[in-house]
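I opened the model today and kept short notes on what I looked up.

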Amino acid sequence: MSRQAILLGGLAAAFALAPLVAGPYLLSVLVVVMYFAYVGQAWNIMMGFAGQLSLGHTLYVGLGAYTAAALFVHLGVPAALGLFAAVAVAAAVGGIVGALGFRFGVKGVYFALLTIAFAEFTRILFEHIPGLGGPAGLFLPVGSRDSFDLIHLRGHPLMFYYLILAMTAGIFLLCRRLVRSRLGYTWLAVREDQEAAAALGINVFRAKLTAVMLSAGLTALGGVFFAFYYNNLFPNQAFGMNRSIEIILAPIVGGLGTLFGPILGALILTPLGELITAVTEAMGFKAAGIKQLCYGLSLLAIVKFLPDGVWPWLRGRLGLDRGPDGEDES
Amino acid sequence: MSIDLANQILTGLLTGLVYSLMALGLSVIFGVVRVVNFAHGEMTALAMYAAWALFTWLELDPLVGMPLIALMLFVLGYIMQRGLIDAFVSKPEHIQFILLVAIAIIMVNGSLLTFGPDAHGVQVSYGFDTYEVGPLLVDKVRLLAAAAALGISGLLMLFFRRTMTGKAIRACADNLVGAKVIGLNVKQLYAVTFGIGAACVGAAGALLSLLIDVMPSTGPELTMLAFIIVIVGGLGSMGGALLGGMLIGVSEVLAGYFLMPSMKGMFSFAILILILVLRPQGLMGARK
């Protein structure tokens, strides 16, 4: 067994057994860790694999969340069916953003700003749709917390924990397959040198569009989870710029384009936030803003000293640099 | 066209000119250093807090305190570029983004800790004076602020056209390798450029403090506004920033007049999307 497989198995076992020792608080923190690992991985498909920087990625979380939640609240459609609509809506909007951007040659910083513009536009739009609650928010009726109803996604926190764990494991395995697939190599070629890729006969437009739509659809699944786990949605929180920043922090801090990066980044950042809260409260600082201030300083330190992310550095330390076939694949 | 609407458009134009000065700072920094300053609005908010503090504690009119605030922001910008950002100039965009987002988070929460969550406004004695120009009414503060913004923009253009430092900075922007070959100190010039961009922000913040209240959330909003203006006008084009500012200023009041004030942002973002797709170099930018 390779060292990578041991690490992977150990990590999966630790997370699967965690509820045996973790109390409700720790479990809720782990849900947030997994959630950010999941959406980070979904974002990573677009940026890490295909090299297209999206700074408005919460657009797809919000669209997925609102679609499934509105179908449930207004028509009683269960989450297990609503998620198909959620993925379809997000992938379609992702397709529109991508098509507009790539067809008209909007590149680099400009493409990133285009994604922000779409997210912000949608945020203000949703604040003016009365059927979706507007700025006052959309609330999902809370059912029994003792059931394990996966069809309607109502029930015990433990169910949500194992669901998000399964989603994170699923997207990890999917991405692992993707990197080694024909599509994955196509993205790599486009990311590294678009002109050369086009000269080799790769349909660059289609490759980039596939990445955006796949990333958007998978992100929307995270949005569905978000809506049914928290039971309330506000345009400000679902589509706000701060959310987009949160999504991309884990994969960047963990290591862009790597498979372990988003998980490791989420495992560092979410507990770091909680730790800062605990420490500042223990020291008697109750003032608003102190937590975010420390968070900003930590972030500054991480980008300053490990700009390529923590995983590439840690991978070297653990001697996991090369996979069995000599390729860099973790 | 009703008189009321004409008044609104004039208000939008004048406010837009002050926005322009802020956006000009962003444009100068991006045009030369090639780093997108995602902490731009937060720096503007810092300048607004400084103007408020000088007014409240020393009874200094923001129009008088403006040079001092611009100087403070110049020093801040210079140190930021020298101490932090310079090491990231050749790094990928997403890393620069995270760096500036971290700086922005620190600034927003630093001001939340220092000044609290409440809105702070500057009420000068002539705050409610108006001039009658034919059938139109013009606010005195708005007119003064717009005139000052326009004047500073003009000075900046003169600086870049006439002085040796200005020409050297333009040389770095036009041909970085050439600038290094003839022995220009690029590191130093980048820091001066960031300082000049920040000084624009300082002056614009002092003027804005006369027109709108400042609170911690003002920063991120102004960052977005600055982006929209420079993209619409053309990143790196100084005339474009002026045009973009006035356009967005007018579009904001029109959206508020015909629809709802809360929808004004949606209009600005819709304009941004249209420009990015149809004319990504901006209205006055040159096609590369």
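Entry one, overall size. I checked chain B against the rule for a compact globule: 288 residues would give a radius of gyration near 19 Å, and chain B has 19 Å, so the two agree. I note that this is a predicted model. Along the principal axes, the C-alpha atoms of chain B fill a box of roughly 60 × 45 × 35 Å. I also looked up burial, and 53% of the 288 residues in chain B are buried.

Entry two, elements. I found eleven helices and two strands in chain B. Read from the N terminus, the order is α-α-α-α-β-β-α-α-α-α-α-α-α. I then looked at contacts in chain B between residues at least 6 apart in sequence, and 78% of these join residues at least 24 apart.

In which sense do β1 (residues 130–133) and β2 (residues 136–139) of chain B pair? They are antiparallel, with four bridges. Thr130(B) has Asp139(B) of β2(B) opposite. I see a hairpin here, with two residues between β1(B) and β2(B). In its turn, Gly134(B) has a positive phi of about 60°.

I picked Leu138(A), which lies in strand β1 (residues 138–139) of chain A. Is Leu138(A) buried or exposed? Leu138(A) has 24 other C-beta atoms within 10 Å, and 20 or more count as buried, so Leu138(A) is buried. Leaving out residues up to four places away in sequence, I list its contacts as Tyr66(A), Ala69(A), Ala70(A), Val73(A), Leu132(A), Gly133(A) and Leu233(A). Leu233(A) is 95 residues from Leu138(A) in sequence, yet their C-alpha atoms are 5.1 Å apart.

Key
Residues are numbered from 1 along each chain as its sequence is written. Chains are lettered from A and ligands numbered from 1 in the order in which they are written. This is a predicted model: local features need pLDDT of at least 70, side-chain atom pairs count only at pLDDT 80 or more; totals for chains, interfaces and linings use all residues. A residue is buried if 20 or more other C-beta atoms lie within 10 Å of its own, exposed if 12 or fewer, and partly exposed in between; C-beta atoms are placed from the backbone. Two residues are in contact if their C-beta atoms, placed from the backbone, lie within 7 Å. Two strands pair if DSSP finds at least two bridges between them. The radius of gyration is taken over C-alpha atoms; the globule rule is 2.2 Å times the number of residues to the power 0.38.
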